[in-house]
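Biologist: Hi! Could you walk me through this one?
Modeller: Gladly, here it comes.

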Amino acid sequence: MQLKDELAKSDRLLTETGHMFGLKTLARKEADPGNYEALWQILLNVCGMAWTVGCKVSSSPVAVEGGDALWSIHLPTGEAVATSRGIVSHPGLLSLLIRKYIESDYESMPGFHPGDIFENNDPHFGGIHSPDFQTVIPIHFEGELIAWAASVSHVMDAGSVLPGAISFMNPDSFSDGIPFTMERVGENDRFYPWYAKRIQSRTRIPELVIGDSRGRLAGCLTIRDRLMEVVEKFGADFFKEAMREYIEDSRRYAVTRVRTQTIPGRIRKSAFKDLAMKGKRVIMPDQDADYLMNLNQEITIDADARIRFSLRGASAWVPFGENITPDAIVSALLNGFSHMVGFDMFNWGTVAAWDLETPPEGSWANPYPANYFAASGLAWAPAVLWLSSLYESLGRLYYARGFVEEVAAGGATTMVGEFAGENQYGVYTIGQTLEQASNGSPARAIGDGENGAWSIYTPNADFGNAEITEFFYPILYLGRNLEPDSGGFGKFRGGLGHTVVWMVKNTPGIEYICGCAGLRSKIIPNHGMFGAYPTPPDRPSYARGTNVKALIDARKPLVHERGDPEDPTLARNIEAEDLQTDVIAPFATGDILKEHDLIIQPVSGSQAFGDPIERDPENVREDLERSWTRERLARDVYGVVAHRDEDDHWTVDAGATEKARAEIRQERKKRGVPFKNWWRAERKRVEASEGMSSAVTNMWRTSMELTPEYGQELRAFWKLPDDFCFETKEAEK
Amino acid sequence: MSEYNPHEIRRLVDGELPWLRVQEIMRSPKDANRLLVWIEIQQERVDWNERILLPLTPALFIVESGARRVVKCRCGFEFGDDYRVNWKLEALIYVHEDRESLDRIYRGIDQPDPDWIQLREYSCPGCGTQLEVEAVPRGCPPDFEFLPDLDTFYRDWLGTPLPDTRTFEDKTLSEIARWEV
């Protein structure tokens with residue numbers, strides 16, 4: 001039977017029986033549970049070994065130092081069975097990519113032969129964005145294709161219109177860079193010569209890009225070699241049947257967990273993302289505008305514990321690299337689902353436990369029906385923020401059912417600093433650090449989030465060693481500190497993020513790009529779970545043409561932290577030709593930063609849980625002691641009155657705190673208005689678009705157009721005329 | 001399935017268990033009677049007698065109040081007559097929509113742009129508890145975060161049907177339709 005026919009059969013059996021591959025019983029698991037579990041652990045270890053080998057063979061620091069890659073084992077028909085750690089957003093995409101090879105009849109031409117190497121980075125055909133290179137190789141045993149090894153790594157430059165790999169600025173797919181569209185790029189375990197030549201002429205740092213290709217291949221070959229031993233040991237029949245059972249096992253686990261830990265019903269969570277680019281350096285005229293993106297999430301759970309995800313209301317595609325395909329959203333969901341629902345056996349089986357309603361055609365989440373050439377240079381950007389809502393949404397269900405230990409508030413944002421220019425060795429380089437892979441974690445229902453220890457896209461939260469980063473790039477770390485008040489404010493606060501201070505050093509000059517991989521800079525997240533306040537916006541700073549050298553010579557204070565948001569240390573301590581303490585991200589200024597110029601890059605914390613004035617005053621005191629919060633916030637937001645003594649220790653005034661909290665409650669009752677009264681006044685403002693920026697009205701207009709029933713509901717809520725629509729507005733400024 | 005002493009669940013809920021023990025509980029299969037214990041804990045901590053059908057938030061519960069199922073605050077305040085209408089329609093709302101009012105929470109470079117976002121605080125008219133906060137652009141209807149299908153839950157998932165049934169539908173817009181502009 002051809003793989004195409006097997007695929008069709010599997011799909012039919014799932015539809016008919018509700019079980020992956022029609023497996024109503026897990027025969028191998030039941031008959032031989034010891035070997036079933038042993039093989040599973042071996043598969044995980046094989047993937048882990050591939051990750052270790054692959055990362056070390058790779059060249060770019062994000063793989064070598066940060067492990068920003070993944071390896072996985074798949075069934076012949078593509079379904080992921082086991083994966084390594086690393087960027088776990090990808091096994092779904094790799095599964096769908098192999099499926100696309102099969103559906104496109106590659107089995108007939110060019111065929112799947114031992115030693116073949118296939119690659120893709122094209123979002124039109126199962127990729128996510130051009131810098132994420134996907135490699136898959138078929139694995140044969142005694143002439144039969146019995147599995148695939150797959151890998152993805154995030155290369156540092158994909159030849160997009162601007163240097164780097166956080167390519168938010170790409171206006172269209174033509175600017176997304178070098179494409180590998182479902183290609184066979186090698187055979188007999190070697191890349192074709194023209195593969196390297198294309199990378200050489202179409203990326204800016206080919207030696208790193210090719211080095212990463214070797215890393216992916218090395219990991220895949222490691223999987224293949226080890227699996228040969230595994231199949232010999234367990235027997236081909238056991239191997240093949242157990243591989244399928246792991247996937248059905250995972251599906252069952254996910255369904256059971258939903259049924260035993262959640263509640264049927266409907267969850268709604270609005271979310272938005274700003275992309276304020278008016279007046280900034282852009283590539284094409286239509287990019288000189290401000291955009292707000294609607295990332296609405298609706299989840300329904302039916303009587304059979306089946307989950308349906310919807311993005312109804314998603315706004316239109318944008319002329320930037322922040323559009324994503326439905327396939328990639330499936331993969332992103334697999335990642336989020338693994339965090340919040342099923343993490344015993346992380347594989348494709350979980351996907352069969354839920355449905356994703358096709359996102360609105362022409363939206364950022366399904367752009368191609370409206371614009372086949374929409375860019376996706378940093379497709380993850382809106383998706384990870386949409387995914388952040390999944391944490392809070394499911395957290396609410398776990399809370400309602402009493403599983404407080406599983407609750408998480410919303411996630412953090414992702415902002416990335418990139419550099420391009422000549423490094424300390426006289427070589428042109430492009431790079432990014434992995435600071436963003438170390439956010440604070442979401443608050444729980446029983447405690448604060450962890451500081452600097454979480455990332456939405458990888459469980460391998462690791463910002464890498466500063467010294468190694470300095471080894472690769474012409475920068476020195478002046479500071480890397482937990483950022484006070486960078487998590488949301490609540491009874492339990494979000495884990496704190498951190499801020500880095502970089503000084504440019506040993507280079508004729510570098511370009512600094514503050515890239516969007518899921519940041520918010522004008523707005524804040526809609527994550528006020530149970531009365532908490534969301535995290536502040538992402539605001540980087542930089543200083544060009546500084547007096548830092550003179551300050552160093554005079555042994556005067558420099559900058560080691562961001563400082564008070566009302567009085568940033570950069571502005572207080574540094575003089576510069578161009579001093580920017582409050583920049584709306586993302587941006588690529590094009591200005592060259594030179595010796596002793598400074599960059600301050602914050603990494604956000606995650607979201608909080610509960611009314612802040614219910615936070616234990618002792619926890620606020622501890623935060624004050626550690627400089628994790630400030631006195632003003634302790635007083636105004638947490639209602640805690642505390643005093644610092646001569647030894648810099650804090651004491652809470654219990655009586656004054658109780659009084660302050662009582663006053664805050666009274667103030668809320670006094671200044672709060674009945675909802676209906678507010679609604680009456682507000683609906684008039686909405687109808688008149690009063691106080692609504694062009695980004696806001698343009699977003700609502702496209703959301704209402706692309707999902708008419710969403711538009712009708714919005715009109716009905718505000719009692720607007722049936723034909724009401726927001727008019728297109730030009731951006732202000 | 002695991003089984004826990006209700007006292008240990010109380011300590012878990014109150015954040016008093018050592019983190020390592022919490023991790024053990026997270027790793028283990030879940031206890032089948034958690035909801036009952038959870039509701040029992042919540043029920044004994046409020047001063048009113050209506051049966052809690054489902055805790056929604058630390059302050060809000062769906063309760064059986066005579067023939068009604070309503071959202072009720074731990075202080076006793078009831079939000080309307082039907083849990084299928086977004087309870088926010090009966091809450092107090094305060095909106096931070098300019099820089100001066102945002103200063104209370106976010107200052108300097110930590111402040112969002114009020115032309116792009118409203119910070120809405122929903123509070124209980126009875127006790128002043130801040131129940132939810134929304135950060136959304138003007139025009140966004142309030143999130144109806146969770147509308148449970150209570151009858152399916154109790155009948156099909158728990159096997160203990162409620163005495164009478166309600167259709168599973170969002171009645172918020174029906175309520176709005178009755179409002180005078």
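Biologist: Let's begin with chain B: what distance separates the centres of domain 1 of chain B and domain 2 of chain B, taken over C-alpha atoms?
Modeller: Those two centres are 25 Å apart. Before we go on, this is a predicted model, so to speak: local features need pLDDT of at least 70, side-chain atom pairs count only at pLDDT 80 or more, and totals for chains, interfaces and linings use all residues. Residues are numbered from 1 along each chain as its sequence is written, chains are lettered from A and ligands numbered from 1 in the order written, and side-chain values use heavy atoms, with hydrogens and water left out.

Biologist: Where do the domains of chain B run?
Modeller: Domain 1 of chain B covers 1–45 and domain 2 covers 46–178. The bounds come from an automatic or database domain assignment.

Biologist: And how many residues of each are in contact?
Modeller: Seven from domain 1 of chain B and 14 from domain 2 of chain B, where contact means heavy atoms within 4.5 Å. The two bury about 680 Å² between them, with carbon and sulfur atoms giving 60% of that. Buried area here is the accessible area (1.4 Å probe) that two parts lose on being put together, summed over both.

Biologist: OK, now chain B against chain A. How much area do they bury?
Modeller: About 8300 Å², 60% of it on carbon and sulfur atoms. That contact takes 88 residues from chain B and 99 from chain A.

Biologist: Which three residues of chain B supply more of its buried area than any other three?
Modeller: B:Ile109, B:Trp116 and B:Trp157, with 12% of what chain B buries against chain A.

Biologist: How many salt bridges are there across it?
Modeller: The rule finds 15 between chain B and chain A. B:Arg107 also pairs with A:Asp636, their closest N and O atoms being 3.8 Å apart.

Biologist: Switching to chain A, what are its domains?
Modeller: Domain 1 (3–252), domain 2 (263–407), domain 3 (408–610) and domain 4 (613–671). Domains 2 and 3 of chain A bury about 2600 Å² between them, 58% of it on carbon and sulfur atoms. A:Asp274, A:Arg281 and A:Val407 supply 22% of the area that domain 2 buries there, more than any other three residues.

Biologist: What does A:Arg281 form a salt bridge with?
Modeller: With A:Glu511, at 2.6 Å from N to O. The count between domain 2 and domain 3 of chain A is one salt bridge.

Biologist: Last topic: how much space is in the second largest pocket?
Modeller: About 830 Å³. A pocket is an open set of points on a 1 Å grid over the protein atoms alone, where a 1.4 Å probe fits, with protein on both sides within 12 Å along at least five of seven lines; lining residues have an atom within 4 Å of a point. Points are joined across faces, edges and corners, and the volume is the space filled by probe spheres set on them.

Biologist: Which lining residues are closest to its centre?
Modeller: Of 40 lining residues, A:Val330, A:Trp348, A:Val351, A:Trp354 and A:Asp355.

Biologist: Why does the second largest pocket lie between domain 1 and domain 2 of chain A?
Modeller: Because both domains give residues to its lining.

How values were computed. Salt bridge = Lys/Arg side-chain N within 4 Å of Asp/Glu carboxyl O.
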